[in-house]
Amino acid sequence: MADGYVSTLLENLNRTFKHLLLVTMLCTLTILILPAAASANSAEPPSLVILVNNAPEDLSITLVSNENQPEAVVRRVAWEGYYVFYSRDMQADGEYTFKVATNGESFECTLGAPLQHYNNVFTLDVSNRELTPGKYPFRSVLLVSIRLLFTLLLEGIIFWLFRFRQKRSWLIFLVVNLVTQGALNIWLNSGGSLMPGYLILSLIIGEFFVFTTEMIAFPLLIKEHKKSYILLFAFIANIVSLIAGGYIISVLPV
């Protein structure tokens with residue numbers, strides 16, 4: 001009786017999984033097509049982002065080399081502050097001079113290097129009054145490690161709840177996730193933009209490839225349970241990972 005019930009349950013789950021897989025593929029295809037079609041209506045991407053580690057609450061950055069002297073749009077995530085200028089702000093030819101004000105004091109920084117059209121990232125060291133290209137040292141290593149460990153912990157709990165107990169199964173789980181999630185997080189960290197809207201879109205696209213890889217690899221390599229059961233695990237784990245990844249992007253730097 002119990003075996004028959006379990007068999008029927010797995011058949012129903014397998015049927016449900018196939019429907020969900022079809023919906024996921026259609027949604028992913030839509031996500032891949034829509035950005036190009038809707039780009040004319042999308043928000044303007046940042047032209048320049050000045051990254052400040054542990055930015056003071058009263059810190060402001062103004063582009064004084066522009067006649068209109070626009071002030072940066074500020075966004076704070078955890079310990080980082082992003083001071084954003086858009087292409088409409090970048091009207092000065094050649095050098096860009098910024099006025100940085102905090103704690104009743106101010107100083108100026110100048111960029112002489114030519115800028116790309118979008119996604120220029122600089123790091124401001126307020127204490128040393130230095131503005132340098134790129135992100136601060138070891139930032140990528142730190143953030144990739146945090147996200148990778150969080151994902152492994154989360155999917156590891158789901159893996160255990162699905163009653164995977166063999167050492168071989170756990171070894172395959174760890175190796176596959178280190179490769180797929182590691183590649184995904186490195187790709188996210190090297191994408192250029194620091195704005196959540198663009199990062200979440202990149203996350204969805206990247207998770208599609210992670211999803212496809214794990215849906216193929218786990219059933220082929222793990223022998224502890226039936227393939228349909230392993231596929232169900234891979235599907236649920238990746239959906240949870242996608243939701244968790246979106247949440248992490250909203251509360252932690254990327």
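Modeller: R129 is partly exposed, with a relative accessibility of 43% (buried is under 20% relative accessible area, exposed over 50% and partly exposed in between, using a 1.4 Å probe and protein chains only). The model is a predicted one, in which local features need pLDDT of at least 70, side-chain atom pairs count only at pLDDT 80 or more, and totals for chains, interfaces and linings use all residues. Residues are numbered from 1 along each chain as its sequence is written, and side-chain values use heavy atoms, without hydrogens or water.

R129 sits in the loop between β7 (120–125) and β8 (130–133) (strands are DSSP runs of E with at least two residues, numbered from the N terminus). Although R129 is not a glycine, its phi is positive, at about 55°. N54 also has a positive phi, near 55°, and is not a glycine. This residue belongs to the loop between β1 (48–53) and β2 (60–63), and N54 is exposed, at 57% relative accessible area.

β1, β7 and β8 are among the 5 strands of an open sheet with mixed pairing, in the order β3-β4-β1-β7-β8 (two strands pair if DSSP finds at least two bridges between them). Because β3 (73–77) and β8 are at the edges and each has a single partner strand, one side of each lacks a neighbour in the sheet. On average, neighbouring strands of this sheet are turned by 25° against each other, direction ignored (axes are lines fitted to C-alpha atoms, and angles between N-to-C directions run from 0 to 180 degrees). Within the sheet, β1 and β7 run parallel and are joined by 5 bridges; I50 stands opposite F122 in β7.

Methods:
Helix = DSSP H or I, 4+ residues; strand = E, 2+ residues; numbered from the N terminus.
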